[in-house]
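Subject: Structure handover

Hello,

Here is the structure you were going to look at. My notes on what was found follow below it.

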Amino acid sequence: MAIHKHQEFDAEAQELATLAKALGHPARVAIVRLLAQRQACVCGDLVLALPLSQSTVSQHLKELKAAGLVQGEVDGPRVCYCLSPTGWARARQLLGGLLAELPAAAANCGC
(Lines give C-alpha, C1' and ligand atoms only; values in the text may rest on other atoms or scores of the structure.)
Protein backbone atom coordinates (compact mmCIF):
# COMPACT_ATOMS: atom_id res chain seq x y z
CA MET A 1 0.00 0.00 0.00
CA ALA A 2 1.38 3.42 -0.97
CA ILE A 3 1.84 5.99 1.78
CA HIS A 4 1.20 9.58 0.79
CA LYS A 5 3.23 12.38 2.35
CA HIS A 6 0.09 14.16 3.57
CA GLN A 7 -0.51 11.23 5.92
CA GLU A 8 2.57 12.28 7.86
CA PHE A 9 0.71 15.39 9.08
CA ASP A 10 -1.82 15.41 11.91
CA ALA A 11 -5.54 15.21 11.25
CA GLU A 12 -6.11 18.88 12.06
CA ALA A 13 -3.50 20.00 9.52
CA GLN A 14 -5.08 17.76 6.89
CA GLU A 15 -8.54 19.09 7.69
CA LEU A 16 -7.32 22.69 7.45
CA ALA A 17 -5.66 21.92 4.11
CA THR A 18 -8.93 20.45 2.78
CA LEU A 19 -10.75 23.58 3.89
CA ALA A 20 -8.16 25.84 2.27
CA LYS A 21 -8.36 23.85 -0.96
CA ALA A 22 -12.16 24.13 -0.98
CA LEU A 23 -11.92 27.91 -0.61
CA GLY A 24 -8.96 28.15 -2.97
CA HIS A 25 -10.95 29.03 -6.07
CA PRO A 26 -12.73 32.35 -6.66
CA ALA A 27 -15.83 30.59 -8.00
CA ARG A 28 -16.20 28.65 -4.75
CA VAL A 29 -15.75 31.85 -2.74
CA ALA A 30 -18.48 33.44 -4.88
CA ILE A 31 -20.77 30.44 -4.28
CA VAL A 32 -20.22 30.68 -0.51
CA ARG A 33 -21.01 34.40 -0.61
CA LEU A 34 -24.20 33.80 -2.60
CA LEU A 35 -25.34 31.07 -0.22
CA ALA A 36 -24.59 33.32 2.76
CA GLN A 37 -26.70 36.11 1.25
CA ARG A 38 -29.63 33.89 0.31
CA GLN A 39 -29.35 31.43 3.22
CA ALA A 40 -30.65 28.65 0.93
CA CYS A 41 -30.38 28.28 -2.79
CA VAL A 42 -31.31 26.07 -5.73
CA CYS A 43 -28.39 25.16 -7.97
CA GLY A 44 -30.09 26.72 -10.97
CA ASP A 45 -30.20 30.06 -9.17
CA LEU A 46 -26.47 29.84 -8.62
CA VAL A 47 -25.89 29.21 -12.31
CA LEU A 48 -27.90 32.33 -13.17
CA ALA A 49 -25.83 34.41 -10.76
CA LEU A 50 -22.42 33.16 -11.90
CA PRO A 51 -20.61 33.27 -15.25
CA LEU A 52 -20.24 29.48 -15.18
CA SER A 53 -21.98 26.50 -16.73
CA GLN A 54 -24.27 24.19 -14.76
CA SER A 55 -21.69 21.41 -14.76
CA THR A 56 -18.94 23.73 -13.50
CA VAL A 57 -21.12 25.05 -10.67
CA SER A 58 -22.02 21.48 -9.75
CA GLN A 59 -18.35 20.52 -9.62
CA HIS A 60 -17.56 23.46 -7.33
CA LEU A 61 -20.52 22.58 -5.09
CA LYS A 62 -19.23 19.01 -4.91
CA GLU A 63 -15.85 20.29 -3.68
CA LEU A 64 -17.51 22.52 -1.07
CA LYS A 65 -19.70 19.62 0.08
CA ALA A 66 -16.68 17.32 0.39
CA ALA A 67 -15.05 19.88 2.68
CA GLY A 68 -18.21 20.00 4.79
CA LEU A 69 -18.89 23.68 4.08
CA VAL A 70 -22.08 23.18 2.06
CA GLN A 71 -24.96 20.77 2.42
CA GLY A 72 -27.54 19.81 -0.17
CA GLU A 73 -31.07 18.50 0.06
CA VAL A 74 -33.01 16.87 -2.76
CA ASP A 75 -36.18 18.80 -3.55
CA GLY A 76 -37.91 16.95 -6.38
CA PRO A 77 -35.78 17.25 -9.53
CA ARG A 78 -33.55 19.90 -7.93
CA VAL A 79 -31.04 20.01 -5.13
CA CYS A 80 -31.22 22.91 -2.69
CA TYR A 81 -27.88 23.96 -1.27
CA CYS A 82 -27.07 25.95 1.86
CA LEU A 83 -24.11 26.60 4.12
CA SER A 84 -23.42 23.94 6.73
CA PRO A 85 -23.53 25.51 10.22
CA THR A 86 -21.37 22.76 11.73
CA GLY A 87 -18.92 22.91 8.82
CA TRP A 88 -18.48 26.65 9.20
CA ALA A 89 -18.16 26.38 12.98
CA ARG A 90 -15.30 23.92 12.44
CA ALA A 91 -13.77 26.18 9.77
CA ARG A 92 -13.81 29.11 12.22
CA GLN A 93 -12.17 26.91 14.85
CA LEU A 94 -9.43 25.68 12.52
CA LEU A 95 -8.70 29.06 10.94
CA GLY A 96 -8.88 30.81 14.30
CA GLY A 97 -6.31 28.42 15.72
CA LEU A 98 -3.97 29.00 12.80
CA LEU A 99 -4.40 32.77 12.93
CA ALA A 100 -3.79 32.80 16.69
CA GLU A 101 -0.35 31.26 16.05
CA LEU A 102 0.69 33.88 13.50
CA PRO A 103 1.48 36.95 15.67
CA ALA A 104 3.95 34.95 17.77
CA ALA A 105 5.55 33.52 14.64
CA ALA A 106 5.88 36.97 13.04
CA ALA A 107 7.49 38.40 16.20
CA ASN A 108 10.15 35.67 16.08
CA CYS A 109 11.09 36.31 12.46
CA GLY A 110 14.72 37.27 12.11
CA CYS A 111 14.37 38.80 8.63
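**What was found**

In strand β3, R78 is the bridge partner of D75. Please keep in mind that this is a predicted model.

That pair belongs to a hairpin. Strand β2 covers residues 70–75 and pairs with β3 in the antiparallel sense, over six bridges. Two residues lie between the strands of this hairpin, and G76 takes a positive phi there, near 70°.

Strand β3, residues 78–83, also pairs with strand β1, residues 41–42. β1 and β3 run antiparallel and are joined by two bridges. Within β3, Y81 is the residue that stands opposite C41.

For orientation, the chain contains five helices and three strands. Read from the N terminus, the order of elements is α-α-β-α-α-β-β-α. The chain has 111 residues, and 25% of them count as buried.

**Helix α2**

Helix α2 spans residues 26–38, which makes 13 residues. From its first C-alpha to its last it reaches 18 Å, close to the 18 Å expected at 1.5 Å a residue.

Which residues of α2 are buried? They are A27, R28, I31, V32, L34 and L35. Seen down the axis of α2, these buried residues fall within an arc of 165°, so they line one face of the helix. Note that R28 is on the buried list along with the nonpolar side chains of I31, V32, L34 and L35. The face turned away from the buried side of α2 carries the exposed residues P26, R33 and Q37.

After α2 comes Q39, and the phi of Q39 is positive, near 65°. G76, in the hairpin of β2 and β3, likewise takes a positive phi, near 70°.

**A nonpolar patch on the surface**

Four leucines, L95, L98, L99 and L102, form a nonpolar patch on the surface. Together they have about 330 Å² of accessible area. One of them, L102, is found in helix α5, which covers residues 85–107.

Is L102 exposed, partly exposed or buried? L102 is partly exposed, because its relative accessible area is 43%, and that value lies between the cut-offs of 20% for buried and 50% for exposed.

That is everything I have noted for now.

Regards

How values were computed
Residues are numbered from 1 along each chain as its sequence is written. This is a predicted model: local features need pLDDT of at least 70, side-chain atom pairs count only at pLDDT 80 or more; totals for chains, interfaces and linings use all residues. Side-chain values use heavy atoms; hydrogens and water are left out. Two strands pair if DSSP finds at least two bridges between them. Helices (H or I, at least four residues) and strands (E, at least two) are DSSP runs, numbered from the N terminus. The expected span of a helix is 1.5 Å times one less than its number of residues. Buried means under 20% relative accessible area, exposed over 50%, partly exposed in between (1.4 Å probe, protein chains only). The arc is that of the directions from the helix axis to the C-beta atoms. Patches are made of residues with over 30% relative accessible area and no salt bridge: like charges are joined within 9 Å, nonpolar side chains (Val, Leu, Ile, Met, Phe, Trp, Tyr) within 5 Å. Accessible areas come from the Shrake-Rupley method with a 1.4 Å probe; for residues, only the protein chains shown count as cover. A salt bridge is a side-chain nitrogen of Lys or Arg within 4 Å of a carboxyl oxygen of Asp or Glu.
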